[in-house]
Every structure is written in C-alpha cells, then in structure tokens.
Amino acid sequence: MSKGQRVEDIQVVSQDVRTGNQRFGGVPLHVSGVSKTFAGQGRMVEALRPVDLDVAAGEFVCLVGPSGCGKSTLLSIIAGLETASSGSIEVSGCQVSGPGIDRVLLFQEAALFPWLDVQRNVEFGLRQAGIAPQKRAELTQKFIELVHLQGFERSYVHQLSGGMRQRVAIARALVIDPAILLMDEPFGALDALTRDRLHAELETIWANTGKTVVFVTHNVQEAVALADRVLVFSPRPGRITHEFRIDLPRPRSLEDHDLMNESSRILHVLKGVMDEHEREQTNG
Ligand SMILES: Nc1ncnc2c1ncn2[C@@H]1O[C@H](COP(=O)(O)OP(=O)(O)OP(=O)(O)O)[C@@H](O)[C@H]1O
Ligand SMILES: [Mg+2]
C-alpha cells in the first residue's frame, strides 16, 4: 500500500485470478429444500429439515441457533463438502455438485499450513490455480495489506496471535476471489477486543468487495453488528424459524443502543426456541 493510502481505497479483487476479467462482488445463493440425515452406528440423525434460503448477491447473512441445530452442516453442504439428503444449492443459477473456488469456508480455528510462512499460506490457492509468479506476488501482497499483516510476510503460524491467524485465513480465502464467503464461527475463539477489531475489518472488506457472506455465530450481538439479515435456527431437526432484517446504519458499534435493543429482541426469540426444544425433549 502506498503511503497515505487507506485500506478503504484499495480496489479489491477486481480481477478474476484465472481469466483476468474484471469482477466485483458476490453472487446470489439459492438453497432449496436442503435436508440432511446422517446415518451411523445403527441410528439416523436428522440434522437438517428441508431448509429454504435465498441470499442476494453481496448480502451478509448471519445464522444463529443453539448447538447441534445444523448450522455447520448447512455451511458444509453449501461449500460442497457434504452432500444433502434432499434439495439443491444454486450459486448464480448453477447447481453445486461439489467444492469449488467460487465458495470458501472459514472455521473457528484458522486452518493454516504450519510449515509455510504468512506469504506462502496466502498465496497457496494462487499457486494451485497456476497463477504466474509476478501476478501471484502482487495479489498476495495486496491481500496481506488488506488484513493489516504487512511486515509479517515471513512469520510462521506459531509466531502469530489467534487474531493474526484468522486474518491470514481471511486473506488466503479472499485472494482466490471467491464469490461466496462461508464463515463458521470464525471469531469464536478470540478475545472481545480482537473480535471487535476483526468485525470492523471484515465489514470494510465486505463493503469493498461486495462478497456474499453467510456467517455462523453463537454471539447474537456479533450477528447484529455484521448482518443485513439474521436467521434463527431451531434444533433437532434444524430449521429456520425466525428472520430479522437489520437496517441499522453502518459502521455499527456494539455499544450502540439500537444494536443492543435489536440483539435483546433476537436473544429473547432464541431463548424461546431453546425453551420450546427443552419442553419437547422432556415430554418425549
Ligand atoms: N458427520 C456426522 N455424522 C453424524 N452426525 C453428524 C455429523 N455431523 C453433524 N452431525 C450431527 O448433526 C447435528 C447438527 O450438527 P452441526 O455440527 O451442523 O450443528 P451446529 O449447529 O453447527 O452446532 P454447533 O453450534 O455446536 O457448532 C448434530 O446432532 C450432530 O451430532
Ligand atoms: Mg457448528
């Protein structure tokens, strides 16, 4: 980044790394009647009841819900890492039949390669895609700067804090220019201060790239701080029971009164969902 240039000013991922075509933004995601039943050890686990979900291009959707209600399962199916028992996933009108570089999934633990330094971790996907060395170096540097890790290019994973690792994971995901970011509690293991900072960074990156984001969290405030829409999942079998559109102005602050009110409203609904589930369990 040149001196005086703000990260907000960088034109991000405006090029498809494979074709060189200019591109900006995410694509629509259409989840239609997707269910999942796991079979194993003599019993079936109905993880997801048929779920319908439409996410607009460039929309930021958060999924919240109690543990075990199928949030990760749904993300894995969208990523193409898990097959659905029924239903279909369409990305930009094309049916998903497996993993693809148009979708990346980020987890709570940044799954980095410990034997590679930051630069090589970030450029990994570009190498796989056969991008020429000069272009690779250019893009890698751009994304390292985007996540504020310039100066750490030669550091190895064990030399980084949890927040820095997650930044590397985000840069590594973004550098291959996916249209859809799938994030499974990506900041769940971080302290509140680091999480706050990463929220702000993610929001800026999202605003500048226009990516479509599906973000899973247990933290309702985090969901309200980030999302255009928050969807509440109910457990066993998992299904979407409530939807909240978040129209609060951005950038948002966790201390903002309206944000806290909105979070309390959703938390109240979430508690109701859990109480109902517990009653159902107790009554057999
Ligand atoms: N590979 C698997 N084999 C069998 N059952 C599975 C498998 N993966 C998930 N499940 C079951 O599916 C249900 C949903 O799991 P999932 O991990 O999607 O929940 P989750 O909402 O992400 O939970 P958490 O909030 O704790 O991460 C759970 O009952 C879980 O035990
Ligand atoms: Mg999960």
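Helices (H or I, at least four residues) and strands (E, at least two) are here DSSP runs, numbered from the N terminus. The model is a predicted one, in which local features need pLDDT of at least 70 and side-chain atom pairs count only at pLDDT 80 or more, whereas totals for chains, interfaces and linings use all residues. Residues are numbered from 1 along each chain as its sequence is written, and chains are lettered from A and ligands numbered from 1 in the order in which they are written.

The protein chain holds 7 helices and 10 strands. Its radius of gyration, taken over C-alpha atoms, is 19 Å, close to the 19 Å that the globule rule (2.2 Å times the number of residues to the power 0.38) gives for 284 residues, so the chain is as compact as a globular protein of that length. Along the principal axes, the C-alpha atoms fill a box of roughly 65 × 45 × 35 Å.

The shell around ligand 1, made up of residues whose C-beta atom, placed from the backbone, lies within 6 Å of the ligand, includes Phe38, Val45, Cys69 and Lys71. Two or more residues are given to this shell by each of strand S1 (29-40), strand S2 (43-55) and helix H1 (71-79), and the largest share, 3 residues, comes from H1.

Strands S1 and S2 pair in the antiparallel sense over 9 bridges, where pairing requires that DSSP find at least two bridges between the strands. Leu29 has Val55 in S2 as its bridge partner, and in the hairpin of S1 and S2, with 2 residues between the strands, Gln41 takes a positive phi near 45 degrees.
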